[in-house]
Amino acid sequence: MTEGSPLSLHVPEPEVRPGGTPDFSNVPIPKAGSVPRPEVDADPKSIRDLAYSIIRVLNREGEAVGPWAGTLTDEELAEGLRHMMTLRAFDTRMQMAQRQGKTSFYMQHMGEEAVSCAFRKALNQGDMNFPTYRQAGLLIAGGYPMVDMMNQIYSNERDPLKGRQLPVMYASKEHGFFSISGNLTTQYIQAVGWAMASAIKNDTKIAAAWVGDGATAESDFHAALVFASTYKAPVVLNIVNNQWAISTFQGIARGGSGTFAARGLGFGIPALRVDGNDYLAVHAVAKWATERARRNLGPTLVEYVTYRVGAHSTSDDPSAYRPKTESDAWPLGDPVIRLKNHLILRGVWSDERHKQAEAEILDTVITAQKEAESHGTLHAGGKPSTRDMFEGVYAEMPPHLRRQRQQAGV
Amino acid sequence: MPRMTMIEAIRGAMDVSMDKDDDVVVFGEDVGYFGGVFRCTQGLQQKYGRTRCFDAPISELGIVGAAIGMAAYGLKPCVEVQFADYVYPAYDQIVSEAARLRYRSNGEFTCPIVIRMPTGGGIFGGQTHSQSPEALFTHVSGLKVVVPSNPHDAKGLLIASIEDPDPVIFLEPKRLYNGPFDGHHERPVTPWSKHPLGEVPEGHFTVPLGKASILREGSAVTILAYGTMVYVAEAAAEETGIDAEIIDLRTLLPLDLDTIVASVKKTGRCVVVHEATLTSGFGAELAALVQQHCFYHLEAPVARVTGWDTPYPHAQEWDYFPGPARLGLALRETMEA
């Protein structure tokens, strides 16, 4: 181009669209074990490379290798596998329940189970997550009752949120799970504020913020990084890069920056990139970042590289914008199968035990589902009262709401 | 009783609240070391330390978003947006988050925050230092919206707002910071030290949210006003000789409907006045409520005297600002109707 020639707008496009052959050959995947593990108090400037690589523990053979291995015992790993399997079974049943008209809406985690399940195990009682709608693994791995999750999804008479919220927008203070909002990224800066509060009160609790790749484009993401950086808040800033924001590929949100993790560097925030389908790697990185926060060393940004295998939601059909078989070509594989293979290799798991666990888990989920459905589903059985609709707008109901409640005949 | 400016009263309210409750924190742009561009937080950082009163990056959404997170933890943040005109970047956090947190989580998480912001015109502030955005907040269920008109109420209402368990939008008419203003820009302004409403008790006291006050009793017409407009209403009543009852609403949401209805039923006439633009302004809600609740007592249409439906201009300040002349005209028309 010479000076004075017409300008043209650059609009990024994914490599492949429906009908094309999925191809991730241009996605660089470092060898497992190849990324060094710095001390948690390392100077952020000295570990800039970690924002451009991918921390991986499980190699192709299913062995745990390198400096990030060894943060969990066999028993803890088996438990982690069960958490991921439980989340997957839960998703399958709730997806089906939505198709059967028992609820209006659902969002799956297929392919991303390791991220929230493994991260949860690095947190302590009292720490607070500020999740998006795709981190239910935090609840599953945190021991939140599955029946209550289903009650919320069904908006039934036992719904902890009294039927006020869309399905999957859970909230539980006791389980360190902040109220989910439909407005993307709003919780990211709130997590920083919560962490600042913990520091103001000289507490020992930390916060974890969650956002997807697409939602990093929201202004709240920028504000969160500024505040976290300025006040050195004890927060882990998580970005789950599952490649897709509904139909929009991650290149639209990422733009020219090499990686999402790299965005942290401009704020002086140490940034790590991790294999999001590697339960061991996710846990090791979460442990590193949470330790930094607990030692008052400040925030850490973590990008989990994963793939959204399922549709965005029950209202979405991905075949309209990406190849149907794209998830099969995803080079980081399936988190459940990878951890299963690792445990088999270690001699603490087997195909038979896996099948047996699958059956047990399905049984547990179906039992919970039956109990939840005995309290009603969206259009049948017990439901929250109309009076509940008027409660909780304020701590005390003001006169105008009392008048409206009377008008509604309740 | 000591006399204070509204600035001193607001500062006093934060001082009393921070002294009483360690969970009260104050932050915003230029709020810390410097003490605020209007001096409302002067000395608080020195007295309570940098972790109780501090400067924030220039990010309104960051300030409000962080405050919401702090409130979820258990603190009681009282934050400042430098001008109400600059609250819009935080609007999503206020409307989608602060206002709904209690409701959507069924009380698992709550949001006891106060967002202070200087509001209103009459100071040659032009388009972005004069706006009155209260209607953008009164339309949001879950918020409380407060507008004091004098130092006494400013202190009592702010302490009540900080202690309130719900999010409060606290709009401070900056035109009233140093003295009452009746719209007569050609006359020198009386300082609060020479005005009885400048008398403010020392220490802790509250003025309850949701309660209006009757600034002037009258029998001919009810004027519904708040902020700077209560003094414009006083001047217009005096200059027209019309025996107006002036109600200072003080809290717009929740509204003290009982006081309004009792007054209009007594007078049979009502004029609503605010600085904000007319269309879909808070005056529309007031007029509709008066019409609904006082229909058989009304002897004239409910009138509204407001800012014009234009952005707030600079050079045409006094053609825009609803002064005593415009309000007086509306009062006469309402009396003759």
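Here are some worked exercises on a predicted two-chain model.

Ground rules: residues count from 1 along each chain as its sequence is written, and chains are lettered from A and ligands numbered from 1 in the order in which they are written. Since this is a predicted model, local features need pLDDT of at least 70, side-chain atom pairs count only at pLDDT 80 or more, and totals for chains, interfaces and linings use all residues, while side-chain values use heavy atoms, with hydrogens and water left out.

**Exercise 1. Work out the sheet of chain A and what lies across it.**

Step 1. Helices (H or I, at least four residues) and strands (E, at least two) are DSSP runs numbered from the N terminus. The strand order in the open sheet of chain A is β1-β2-β3-β7-β6, with parallel pairing; two strands pair if DSSP finds at least two bridges between them.

Step 2. Find the edges: β1 (128–130) and β6 (271–275) of chain A each have a single partner strand, so one side of each has no neighbour in the sheet. From one strand to the next, the twist averages 20°.

Step 3. Zoom in on one pair. β1(A) and β2(A) (residues 207–212) share three bridges in the parallel sense, and A:M128 sits opposite A:A207 in β2(A).

Step 4. Axes are lines fitted to C-alpha atoms, for helices over the stretch in contact, and angles run from 0 to 180 degrees between N-to-C directions.

**Exercise 2. Describe how α2(A) packs on α9(A).**

Step 1. The axes of α2 (residues 113–120) and α9 (residues 279–294) of chain A come within 8 Å and cross at roughly 45°. That makes α2(A) oblique to α9(A); under 35 degrees is roughly parallel, over 145 roughly antiparallel, 65 to 115 roughly perpendicular, and the rest oblique.

Step 2. For the contact (heavy atoms within 4.5 Å), α2(A) brings A:A114, A:V115, A:C117, A:A118 and A:F119, and α9(A) brings A:Y279, A:V282, A:H283, A:A286 and A:T290.

Step 3. Sort them: eight nonpolar, two polar and no charged. Here Ala, Val, Leu, Ile, Met, Phe, Trp, Tyr, Cys and Pro count as nonpolar, Asp, Glu, Lys and Arg as charged, and the others, Gly among them, as polar.

**Exercise 3. Follow α5(A) across to chain B.**

Step 1. α5(A) packs with α4 (residues 91–98) of chain B at an angle of about 90°, their axes 11 Å apart. The two helices are therefore roughly perpendicular.

Step 2. A:T186, A:I189 and A:Q190 meet B:D92, B:Q93 and B:E97. The tally is one nonpolar, three polar and two charged.
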